[in-house]
Amino acid sequence: MIIAVLTTLHLDGAARTASAAGRRMVTGSGTGAQQLSDALSAARKLIISYPSRRRAARAYRKLVACGIRLEPLLGATSGLAIPVIMCMWRRPERMKTILRMLDDQSDCPPIRLVLWNNNSLNSAKIRSDISGFSAVGSLESIELYESAVNVGGIGRFLAAREVRKHSTRGLMIMLDDDQDVSHSFVRDLAATGSPRTISGVWAWRIHSGYWDRTQVVIQGGSADYVGTGGCVWDSSLIDDRRLLDDLPSRFMFMEDIWMSRFAAQRDWNLRMVDTPVSFVLADLDQGHDLHRQKTKFYEWLVSRS
C-alpha cells in the first residue's frame, strides 16, 4: 500500500527502495525485514512532508491569492541589502553552514536572507540554529515563512513577490540548501545581474528534449535553462501575474523549468555565471523523483509555444 502511495506522489526512488526490501524479505533474506522497516519509516516521513498533488495545488492557489507575511528572526533589513531567497525541505542540518557561508561573503552588499520552509518537521531545528547564530559579517537579516503544506520550490517566488512589494531593488539571488559557495558568490552574481536577465551557475542549452542538453560553461554564455539554485534575476519578472497564476498544478514542483521557459518566451536573456559552487546531499533532492515528469512538462511547454 505504501509503495503505491509513493508512486502516486512520484517518489519513485523511495518506492523502489521499499519494493526491493520487500522482495528480499519474501525471498528469505535475513536483512530484508529490517530494510523494509527502515524504508517504510523513511517513506512515512516523506509522505508527511510531500503532500498529494491535489493538496499541494490547493495550498499553492490559496497562497497566490492571499499572499504571505515574512517573520523577522534576526536583525533588520535595510534598503541597501540584496535579498537571497532559499527554500528548505529535507536538509535542516545545513542551516548553520548556510548562515556561516552567507555571513562570510566578501565585497558585496548586505544580505537579506529570506527562508521558505516547506517541512514543518524541521521548524524547531531551523529556528534554534538561527537564534543561536551571531552575524558579524555580510548577513544583515533573516526572515522566515513556514508553509503549512509543501508546495515545492515555487515558494521562493511567493517569497520574492512579498519582498518586491516593499522594496525597489530589482536584483534578487536564489540559493538552494544543497549548495556550498565561495566567499565571492554574492559578489559574482550581483555583478552579472542586469534588467530582463536570469543568470546562474546551472545553465544549459536544450536540444531535442529536456534531457538532451549541453551545459554552458563559459561566463555570460547564452542558455535555454537556468536553475533556480545559484542564480541572480531581475525580480520584475514576478510583476507578471502569469508567472504564478499560469503554472499548471500537475507540474508545480518544477518551477525551475517554468521560470526559464516563461522568461525566454518574453525575450529575456538567460546566461551562465562562472562562480565556484558544489552540491552536497544530492540524494535528498525532490528533483530525483520528478525525472519523468520533467520530460513531460518540457514537452507540454514546447507544444504550447
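The model is predicted: local features need pLDDT of at least 70, side-chain atom pairs count only at pLDDT 80 or more, and totals for chains, interfaces and linings use all residues. Residues are numbered from 1 along each chain as its sequence is written, and side-chain values use heavy atoms, with hydrogens and water left out.

**Overall fold**

- The protein chain has eleven helices and 13 strands. Helices (H or I, at least four residues) and strands (E, at least two) are DSSP runs, numbered from the N terminus.
- Of its 305 residues, 52% count as buried. Buried means under 20% relative accessible area, exposed over 50%, and partly exposed in between, with a 1.4 Å probe and protein chains only.
- Take the contacts between residues at least 6 apart in sequence: 82% of them join residues at least 24 apart. Contact means heavy atoms within 4.5 Å.

- Eight strands form an open sheet with mixed pairing, in the order 1-4-3-2-5-11-7-12. Two strands pair if DSSP finds at least two bridges between them.
- Strand 1 (71-75) and strand 12 are the edge strands, and each pairs on one side only.
- From one strand to the next, the twist averages 20°. Axes are lines fitted to C-alpha atoms, for helices over the stretch in contact, and angles run from 0 to 180 degrees between N-to-C directions.
- Helix 10 (residues 255-264) packs on the sheet and touches strand 5 (171-176), strand 7 and strand 12. The direction of helix 10 makes about 125° with that of strand 12.
- Strand 3 (residues 111-117) and strand 4 (residues 139-146) are parallel partners over seven bridges. Asn 117 stands opposite Glu 146 in strand 4.

- Strand 7 (residues 197-200) pairs with strand 12 in the parallel sense over four bridges. Gly 200 stands opposite Met 272 in strand 12.
- Side chains alternate along strand 12 (residues 269-272). Leu 270 and Met 272 point to one face and are buried.

**Helix 5 and its surroundings**

- Helix 5 (residues 95-103) packs with helix 6 (residues 123-131) at an angle of about 40°, and their axes are 9 Å apart.
- Helix 5 contributes Met 95, Lys 96 and Leu 99 to this contact, while helix 6 contributes Ile 126, Asp 129 and Ile 130.
- By class, the contact of helix 5 with helix 6 has four nonpolar, no polar and two charged residues. Ala, Val, Leu, Ile, Met, Phe, Trp, Tyr, Cys and Pro count as nonpolar, Asp, Glu, Lys and Arg as charged, and the others, Gly among them, as polar.
- The buried residues of helix 5 are Met 95, Ile 98, Leu 99, Met 101, Leu 102 and Asp 103. They pack against strand 2 (82-88), strand 3, helix 6, strand 4, strand 5 and strand 6 (179-181).

**Cysteines and Pro 51**

- The whole structure has zero disulfides. A disulfide is a pair of cysteine sulfur atoms within 2.5 Å.
- Cys 87 is buried, at a relative accessible area of 10%. Cys 231 is also buried, at 0% relative accessibility.
- Pro 51 lies in the loop between helix 3 (32-49) and helix 4 (53-66). Pro 51 counts as buried because its relative accessible area is 5%.
- Pro 51 and Val 149 are 98 residues apart along the chain, and their C-alpha atoms are separated by 7.0 Å.
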